Amino acid sequence: MPSSNDLNAVNGLPRGPTLPNGRIPLTPDFPDGLPPLPEIRSDALRLQVFTHRSFYARPTHVFEDMPDDPSPDNESLEHLGDTVLSLIVTGLLREVYPCLRVGPSTKIRALVVGNPTLAWISVKYRLPERLRMHPAQAITLRASANIQADLFESFVGGLYLDQGLEAVKAWLDVLLRPFLAIAYRVVRVQHGLSPEPPYPSPPVHYARSDTSNTPPPSGTGAPGQLSQTWSIPPPPRMPASIGHLSLFNQHLQQRCKSIEWVYADSAGQGTKTTPIWVVRAMVEGECLGHGRGSTKKAARNEAAKEGLVKLGIPVPQLEGQFPV
């Protein structure tokens, strides 16, 4: 049986027991190099992207800039780029791994957008070489992984303002897919699973453009909703009366009252295979409701429905079943 070190090497994960965890970068292979870096067309935006706040040495305690004198550094673009980057990575995760649960998906995204990985990308694009900063801090800032990562986020924010979301997505879709693939395997290993799933992900399609309210044909997904091509059991058909018991208990607990369920003789009201249960809901010696049902729970639920009425709690009028 291969060791964990051999398994990591075979699947493209780092050798040794240490896996990428946000403190070391994901470093996929790009045989043909990274995708071309888009050009920000606006001279003003491009200059701001590559301007560190130390360049102008503005005070950091200011709550808000004056409208006629906004801060010329890249901090606001970095803030914007961080949000745009998270949005695109989240959407890409839904596209590439549609069945991923939220917890693992969050871990994968954190690995991809973590500072070490973004700093690695930033250096590969040689972005820090273009950064304007105070000369006294140049060596330290250019070598800082945090500054390198911030600069990449600033570039994403500047490109978003310059050309819009679709331009950013077209670039990052190609760039980040290899990082997602590594992060996916890493998080599977962290969850005690093999790096690769034993089955292919089921095909899932999303209708993105049509937002009309026209009902879809039978067997298709509604516009803008998930369209599944594999069988999933529909929600169980449930009687409308289900749920009164828990609501009744909730209101009694809020009033610091206890309940006693007293079952009465129901002889002759059912059969050997389908008995009928009769119960009273007794609260502080007072009967708040009676109930009959084929199970004890169903009988208590009917009694709870009467009890809610006596407590003055509105009982919702539901349809015969939940929509499927």
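**Exercises on loops, rings and helices**

R126 lies in the loop between helix 5 (115–124) and helix 6 (138–142). Helices (H or I, at least four residues) and strands (E, at least two) are DSSP runs, numbered from the N terminus. The structure is a predicted model, in which local features need pLDDT of at least 70 and side-chain atom pairs count only at pLDDT 80 or more, while totals for chains, interfaces and linings use all residues. Residues are numbered from 1 along each chain as its sequence is written, and side-chain values use heavy atoms, with hydrogens and water left out.

**Exercise 1. Backbone angles**

Solution. Begin with the general rule: most residues other than glycine have a negative phi. Finally, consider accessibility: buried means under 20% relative accessible area, exposed over 50%, and partly exposed in between (1.4 Å probe, protein chains only). E284 has 63% relative accessibility, so this residue is exposed.

**Exercise 2. Aromatic pairs**

Determine how many aromatic pairs there are, and classify the pair of F30 and F179.

Solution. First, apply the rule: rings of Phe, Tyr and Trp (its six-membered ring) pair if their centres lie within 6.5 Å; planes under 30 degrees apart count as stacked, over 60 as edge-to-face and the rest as tilted. The count by this rule is ten aromatic pairs. In the pair of F30 and F179, the centres are 5.9 Å apart and the planes stand at 45 degrees, which is tilted. F30 belongs to the loop between helix 1 (4–10) and helix 2 (43–49), and F179 to helix 8 (residues 165–190), so the pair ties together parts that are 149 residues apart in sequence. Both F30 and F179 are buried.

F152 is in helix 7 (residues 145–163) and W171 in helix 8, so the pair links parts that are 19 residues apart in sequence. F152 is buried at 0% relative accessibility, and W171 is buried at 4%. Lastly, F152 and W171 belong to one aromatic cluster with F50, Y125 and F155.

**Exercise 3. Two packed helices**

Describe how helix 3 and helix 4 cross.

Solution. Two packed helices are described by the angle between their axes and the distance between the axes. Axes are lines fitted to C-alpha atoms, for helices over the stretch in contact, and angles run from 0 to 180 degrees between N-to-C directions. The axes of helix 3 (residues 75–96) and helix 4 (residues 102–113) come within 10 Å and cross at roughly 130 degrees. Angles under 35 degrees count as roughly parallel, over 145 as roughly antiparallel, 65 to 115 as roughly perpendicular and the rest as oblique. The two helices, helix 3 and helix 4, are therefore oblique to each other. With contact meaning heavy atoms within 4.5 Å, L85, S86, V89, T90 and L93 of helix 3 meet S105, I108, R109, V112 and V113 of helix 4.
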